[in-house]
Every structure is written in C-alpha cells, then in structure tokens.
Amino acid sequence: MLLRQLEYLVALARERHFARAAAACYVSQPSLSAAIRRLEHELDVPIVRRGRRYEGLTPEGELVLAWAHRILAERDALHQELSALRGGLSGTLRLGIVPTALPAASLLTTPFCERHPQARVSLESLSSAEINHGLAEFELDAAMTYLDDDTLRHVRRFPLYEERYVLLTPVDGPLATAVTARWAEAATLPLCLLTPRMRNRRIIDECFAADGATATPAIESDSVAGLYAHLPSGHWSSVISHAWLHMFGVPDGMTVVPLEGPVHGPRVGLVVARTDPASVLAGALLKVAREAGVRDALDTLLKTYLAGGSS
C-alpha cells in the first residue's frame with residue numbers, strides 16, 4: 001500500500017467525482033482509478049461503490065478512508081517535526097476561518113509567517129459545519145471560529161477576542177452624533193446586514209429582539225466584503241463587529257456609534273483538534289496567538305475610531 005493511493009482515495013471522497021479527484025491530484029483519471037483498484041486488491045475489500053458514476057464509498061471504504069486520514073496526518077506530522085529539528089518549521093498551515101473572523105486573521109498569520117519564514121499558510125473561509133468536518137478528517141490544522149459552538153467536539157480552545165457590535169452609519173444620518181444608540185433606533189435605519197444563515201446575523205438579530213425590535217434590511221450579503229461594498233454610497237447603515245474595522249476600517253462619510261447592550265459578544269478563538277499526532281504547525285500557531293494580543297489590538301482600534309481617529 002502506497003501513500004499515493006491513500007491520497008487518491010482522500011481526494012476522491014472529497015471531490016465525489018473521479019475526474020475532479022484526478023485533476024486535484026495532477027494525474028489522469030485512469031491512473032487514479034487504477035491506483036484505487038490496486039488498493040482494493042491489496043486490502044481485499046471493496047472500497048468504492050461503482051455505477052455509471054461515483055456513488056460513494058462502501059462501509060469498508062469509509063473505514064479505509066478514516067485510516068487514510070490518520071496515516072497521511074502522521075506523515076505530515078513527521079515532516080513537520082523533522083523540519084523543526086533542521087532549524088526551521090516548514091510545510092503549509094491549513095487554517096479554516098468563519099467568514100466574519102477573516103478580517104482579523106492577519107493579526108495571527110502575519111506574526112506566524114514572520115516567526116516561521118519557511119512555512120506557508122493556506123486560508124479557507126468555511127462554515128462552522130465545514131470546520132468541524134475539516135478538523136475531524138485531518139484536513140485542517142486549526143480553525144478560527146466561535147468558541148461557544150455546541151457542535152465543536154474533541155478540540156482545544158484558545159480565546160482570541162469577544163465580538164463587540166457598533167453601528168456604522170452616514171455622518172449626516174439621524175444617529176451620527178449620538179453618544180450611544182439603542183438597537184431599536186438602529187432598526188429604523190436603512191440597513192445592510194449579513195444574511196440570516198450567517199452566525200453573526202443571528203446573534204445581532206437576538207440583540208435587536210432583546211430591545212423589542214426586528215431588523216428588516218433592504219440589502220443582505222453573505223460576506224463582509226459584500227456588505228462593506230454598499231456602505232460608501234452614504235445611504236446605508238450597518239451593525240458590524242469591531243474586528244471588521246481591522247481590515248475595512250470606516251468608509252469615508254461614515255462614523256461609528258456604540259450600541260447599548262452587552263459589553264461583550266460571543267467569543268472568537270482558535271480551535272485545534274485533540275488528535276494524535278498533534279499538528280506541529282497548529283502548536284506553533286497557538287504559541288503565536290498567546291503573544292499576539294489580538295483582543296487588546298482590536299479594542300485599541302475600536303477606541304481610536306470612537307474617539308474620531310482614522311486608523
């Protein structure tokens with residue numbers, strides 16, 4: 001049994017299509033199919049349910065896939081430990097991030113790359129469910145997500161910051177000069193918000209409801225970038241997490257107004273699977289996170305904008 005055969009199987013399970021899996025592995029489809037048939041022959045079990053197209057894995061195939069993930073993870077861990085012994089950590093850190101935490105990611109990835117110049121970082125914007133799957137299947141080394149997610153299992157958690165929500169509104173708007181604004185007042189403005197399927201939107205909807213209001217945005221986006229793209233027009237207001245200010249700042253012609261309510265929102269942090277072998281790259285990222293001061297950096301940035309600063 002060759003590691004390459006296991007890589008082909010993992011790719012096939014991920015892509016659920018022989019041609020796409022072959023393309024992902026940079027081989028021809030006949031080569032990938034032949035390698036998996038050889039694996040079936042060597043293990044003496046059927047792995048793939050075949051019809052006119054890929055139909056999934058057999059129960060035996062699911063077991064082989066689980067072991068394939070573990071074996072390939074052990075290979076990667078061996079390479080990482082050897083590179084560290086040679087004097088410099090190398091390899092690719094695979095980091096999954098919920099979309100609303102992406103604007104703050106550079107507070108970790110930049111110092112990580114500075115400390116480990118031979119290492120690379122691969123970022124993926126993923127849902128909470130996709131992060132859980134990626135950690136369980138050894139497809140991610142670490143993730144940046146909401147720590148109060150009840151679906152997270154068998155992970156180590158490291159808090160980074162608590163989301164703080166503020167109103168981003170035009171400087172000539174009715175609430176622009178307010179010292180603070182109520183959620184019910186914000187609900188009366190022309191709003192641009194994330195879609196309800198986003199965790200951040202569901203959280204702020206709860207805040208609106210706690211003040212007896214319901215937000216009915218005219219514009220909804222499934223990304224922070226899509227939301228921000230509408231704000232420079234000077235027509236829309238939005239409720240944002242203070243972490244987004246790190247990447248997007250405050251558009252010209254807009255101002256930040258604190259919202260009355262909880263001082264701290266849900267916690268965002270790093271999660272790493274409790275697996276053996278542990279990812280050396282994930283461990284290195286955790287060390288960086290302990291020294292990065294993400295919470296203080298974001299809080300200082302928010303105070304700057306609330307004081308009328310530009311950066």
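The following legends describe close-up views of a predicted model.

**View 1. Lining of the largest pocket.** The largest pocket has a volume of about 1,000 Å³. Its lining is made up of 41 residues, of which Val10, Arg14, Arg94, Phe138 and Glu139 are the closest to the pocket centre. Two or more lining residues come from each of helix H1 (3–15), strand S2 (54–57), helix H4 (59–85), strand S3 (91–97), strand S4 (119–125) and helix H6 (128–136). Helix H4 provides the largest share, eleven residues. By residue class, the lining of this pocket comprises 15 nonpolar, eleven polar and 15 charged residues.

View 2. Thr195 is located in the loop that runs between strand S8 (192–194) and helix H8 (199–210). The relative accessible area of Thr195 is 15%, and this residue is therefore classed as buried, the limit being under 20%. Apart from neighbours within four places in sequence, Thr195 is in contact with Arg201, Glu220, Ser221 and Asp222.

**View 3. Salt bridge between Arg295 and Glu162.** The structure holds 13 salt bridges. In one of them, the side chains of Arg295 and Glu162 meet at 2.9 Å, N to O. This pair links distant parts of the chain, with Arg295 in helix H12 (residues 294–306) and Glu162 in strand S6 (residues 155–162), 133 residues apart. Arg295 is partly exposed, with a relative accessible area of 29%, whereas Glu162 is buried, with a value of 13%.

**View 4. Salt bridge between Arg164 and Asp299.** A salt bridge joins the side chains of Arg164 and Asp299 (2.9 Å, N to O). Arg164 belongs to the loop between S6 and strand S7 (165–170), and Asp299 belongs to helix H12; the two residues are 135 residues apart, and the pair links distant parts of the chain. Both Arg164 and Asp299 are buried.

**View 5. Salt bridge between Asp211 and Arg182.** The side chains of Asp211 and Arg182 form a salt bridge of 2.9 Å, N to O. Asp211 lies in the loop between H8 and strand S9 (219–221), and Arg182 in the loop between S7 and helix H7 (183–186); this pair, 29 residues apart, links distant parts of the chain. Asp211 is partly exposed, with a relative accessible area of 21%. Arg182 is also partly exposed, with a relative accessible area of 39%.

Note on methods. Residues are numbered from 1 along each chain as its sequence is written. This is a predicted model: local features need pLDDT of at least 70, side-chain atom pairs count only at pLDDT 80 or more; totals for chains, interfaces and linings use all residues. Side-chain values use heavy atoms; hydrogens and water are left out. On a 1 Å grid over the protein atoms alone, a cavity is a set of points where a 1.4 Å probe fits but cannot get out, and a pocket is an open set with protein on both sides within 12 Å along at least five of seven lines; lining residues have an atom within 4 Å of a point. Grid points are joined across faces, edges and corners, and a volume is the space filled by probe spheres set on the points. Helices (H or I, at least four residues) and strands (E, at least two) are DSSP runs, numbered from the N terminus. Ala, Val, Leu, Ile, Met, Phe, Trp, Tyr, Cys and Pro count as nonpolar, Asp, Glu, Lys and Arg as charged, and the others, Gly among them, as polar. Buried means under 20% relative accessible area, exposed over 50%, partly exposed in between (1.4 Å probe, protein chains only). Contact means heavy atoms within 4.5 Å. A salt bridge is a side-chain nitrogen of Lys or Arg within 4 Å of a carboxyl oxygen of Asp or Glu.
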